[in-house]
Amino acid sequence: MAVAPASAPASASARASGPVAAAPAPVTAAERVYRHVKDGVLDRRYEGGTLLTEGELADAVGVSRTPVREALLRLETEGLLKLYPKKGALVLPVSAQEIADVIETRLLVEEFTVRRAVPASPALLDRLDVLLDEQRRHAAAGDLAAVTAADRCFHAEIVRHAGNRILGRLYDQLRDRQLRMGAALLHAHPERVQKTLAEHAAILAALRAGDADAAAAAVRGHVGRVEALVRGTGTGMQPETAAGTATATATGTGR
């Protein structure tokens, strides 16, 4: 029976320095497809109502169809897609009910946690300064996806510093929905970017002043104005008619 050659013994210096850190695990083909599609849905390259096919995704990522199927199943469980056998995967639009649920949850969590964050630590104030500067840079560059991500981080940082881990985990579960809704909002209302920056600056100023009431009012006004816009027309987030048409196409009932 053949025996595999033994590995060369480690050098004395290597043994003395302790265990070598393991190399990061390679990204699987299914994970690459998952990230490609999810990023596309969140930044609106794949808008609600878009029908994705296994072949197109396999070609786009450079993989076979098997990992594509695995990735699409995972995204379906996350509520981003609806799979139709032999047709493909439909990107689900954001429903009016989902918008209402996310905003209501944001108001409950953010208004409570911004009060709990007062008096704000120097670490929190410094971090919010950095995130606000990031938003300004991304806005100047016209990178709306990056603005949305930094916006979400700004609010999440306040939630995290409130010290309630259960609320923190709850808020983290909103991440994908917030990113998707935020990207749609800024694309429909690009003028909203500068208003958002001003509102974030007001929240930060209230925290720096140690005024919990003013901070809560600033958060309430900020999220309330977002709610008014996403409930309005032209945001691309209440496309029930388009969703119905796309579903009919995917199922073959619209011919």
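1. Before we start, a quick definition: contact here means heavy atoms within 4.5 Å. Keep in mind, too, that what you're looking at is a predicted model.

2. With that in hand, go to helix 10 (residues 192-209) and helix 11 (residues 212-230). On the helix 10 side, the residues that meet helix 11 are R192, T196, E199, H200, A202, I203, A206 and L207. Their partners in helix 11 are A214, A215, A218, V219, H222, R225, V226 and L229. Sorted by class, this contact has ten nonpolar, three polar and three charged residues.

3. How do helix 10 and helix 11 sit against each other? They pack at an angle of about 160°, and their axes are 8 Å apart. Angles over 145 degrees count as roughly antiparallel, so helix 10 is roughly antiparallel to helix 11. As for handedness, the crossing of these two helices is left-handed.

4. Next, look inside. How many cavities of 30 Å³ or more does a search of the whole structure find? The search turns up one. The largest cavity holds about 240 Å³ of space.

5. Who lines that space? The lining of the largest cavity has 18 residues, and those nearest its centre are R106, D151, Q178, G182 and V226. The elements giving two or more residues to this lining are helix 5 (96-116), helix 7 (144-161), helix 9 (175-188), helix 10 and helix 11. Helix 9 gives the most, with six residues.

6. Now for a few backbone details worth checking by eye. Most residues other than glycine have a negative phi, and most peptide bonds are trans. You'll find P119 in the loop between helix 5 and helix 6 (122-141).

7. Two residues other than glycine have a phi to look at as well. R44 has a positive phi, near 75°, and sits in the loop between helix 2 (29-42) and strand 1 (51-52). K86 has a positive phi too, near 65°. To find K86, go to the loop between strand 2 (81-84) and strand 3 (88-91).

Conventions
Residues numbered from 1 in each chain as written. Predicted model: local features only at pLDDT ≥ 70, side-chain atom pairs only at ≥ 80, totals over all residues. Heavy atoms only, no water. Axes fitted to C-alpha atoms, helices over the stretch in contact; angles between N-to-C directions. Helix = DSSP H or I, 4+ residues; strand = E, 2+ residues; numbered from the N terminus. Parallel < 35°, antiparallel > 145°, perpendicular 65-115°, else oblique. Left-handed = near helix turned anticlockwise from the far one by under 90°. Nonpolar A, V, L, I, M, F, W, Y, C, P; charged D, E, K, R; others polar. 1 Å grid on protein atoms, 1.4 Å probe; cavity = no way out; pocket = protein on both sides within 12 Å on 5 of 7 lines; lining within 4 Å. Points joined across faces, edges and corners; volume = space filled by probe spheres on them.
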